[in-house]
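Here are my notes on the ligand site, for you to read with the model open. Start with the ligand itself, then step back to the pocket around it.

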Amino acid sequence: METKANLMEADRIIIRKMQTDEIPRVSEILCDSYRWLAQKEGYTPAQCDWLVTNRGSIQTVTIESQKELYLVAIQEKVICGMTAIRENSITKFYIDPSFHRQGIGAILFKAAENQILLSGYRELVLGATDTAIPFYQKMGLIEIRREPYQNDIFPGRQVAIMSKKLVR
Ligand SMILES: CC(C)(COP(=O)(O)OP(=O)(O)OC[C@H]1O[C@@H](n2cnc3c(N)ncnc32)[C@H](O)[C@@H]1OP(=O)(O)O)[C@@H](O)C(=O)NCCC(=O)NCCS
C-alpha cells in the first residue's frame, strides 16, 4: 500500500481513485448493476428506470464524485467494479455483473475498509440490498437494523443497515 489514492494491488486487481475520464465507464457499471439488481430484487420497470436515469447517470457520478471518494477496481486495464466512500460509510458498491464471483468484490471491499480505517474511523457502516447481504456478512459485517428506503420510489422496501468494527 502506498498512498490513499493508490490503494491496493492483489491478484492482478488494481484498486485506485477514479479518474475523471473514467466516469462514463463507472456510470455504465452502475446502470448494468441496477438492471441486474432489478431482476434479482423484483423492481418494477419504473423503479429500474429511475435508478438508471437518476442514480447511474454520468451527470450524477460527476457531481457525487466531487463529494465522495470513488475507487475503481481494474483487471487487465478494464474497470470491473466501483465503490464510493463518504466518511465511514460505503455509499455505493458495485461489481460489473459479468465479473461477479471472481473475488473482485472482496478485494475492493478490503481496500474500502482500509481507506476508512486510514481516515481514522473505527466502524464502517452501509445500507445493503437483500441481494448483497450474504457478501457483506462474508466481509464481516453484521446487520444492526432495517430502515425504509429514503425516497418514495420504493414504497415499503427496506434497506439493511450493516456495520463492522475496524481494528488496526
Ligand atoms: C455483492 C457484490 C458486490 C459481490 O461482488 P463479487 O465480486 O461477486 O464478490 P466476490 O466474488 O468477491 O465474493 C466473495 C464472497 O462473498 C460471498 N458472496 C458473493 N456474492 C454472493 C452471493 N450472490 N450470494 C452468496 N454469497 C455471495 C461468497 O462467500 C464469496 O466467496 P465465494 O465466491 O468463494 O463463495 C456483487 O454481487 C454486486 O455488485 N452485486 C450487485 C450490486 C449490489 O447489490 N451492491 C450492493 C449495494 S448495497
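**Notes on the ligand and its pocket**

1. An oxygen atom of the ligand lies 2.9 Å from a polar backbone atom of Gly103. Keep in mind as you look that this is a predicted model.

2. For a side chain, go to Thr129, where an N or O atom of the side chain sits 3.3 Å from an oxygen atom of the ligand. As for cover, the ligand alone would expose 900 Å², and the protein buries 78% of that.

3. Where is the ligand, in pocket terms? The space it takes is the largest pocket.

4. The largest pocket has a volume of about 1600 Å³. It is lined by 48 residues, and those closest to its centre are Tyr94, Gly127, Ala128, Thr129 and Tyr136. Thr129 is also the residue with the side-chain N or O atom 3.3 Å from a ligand oxygen.

5. Which element gives the most to the pocket lining? That is β5, with seven residues. At least two lining residues each come from α1, α2 (45-55), β5, α4, β6, α5, β7 (142-148) and β8 (158-165).

6. Last, the make-up of the lining: 26 residues of the largest pocket's lining are nonpolar, twelve are polar and ten are charged.

Terms used:
Residues are numbered from 1 along each chain as its sequence is written. This is a predicted model: local features need pLDDT of at least 70, side-chain atom pairs count only at pLDDT 80 or more; totals for chains, interfaces and linings use all residues. Side-chain values use heavy atoms; hydrogens and water are left out. A polar contact is a pair of N or O atoms within 3.5 Å; within protein, one must be able to donate a hydrogen and the other to accept it, and residues adjacent in sequence count only if both atoms are side-chain atoms. Accessible areas come from the Shrake-Rupley method with a 1.4 Å probe; for residues, only the protein chains shown count as cover. On a 1 Å grid over the protein atoms alone, a cavity is a set of points where a 1.4 Å probe fits but cannot get out, and a pocket is an open set with protein on both sides within 12 Å along at least five of seven lines; lining residues have an atom within 4 Å of a point. A molecule sits in a cavity or pocket if more than half of its atoms lie within 2 Å of its grid points. Grid points are joined across faces, edges and corners, and a volume is the space filled by probe spheres set on the points. Helices (H or I, at least four residues) and strands (E, at least two) are DSSP runs, numbered from the N terminus. Ala, Val, Leu, Ile, Met, Phe, Trp, Tyr, Cys and Pro count as nonpolar, Asp, Glu, Lys and Arg as charged, and the others, Gly among them, as polar.
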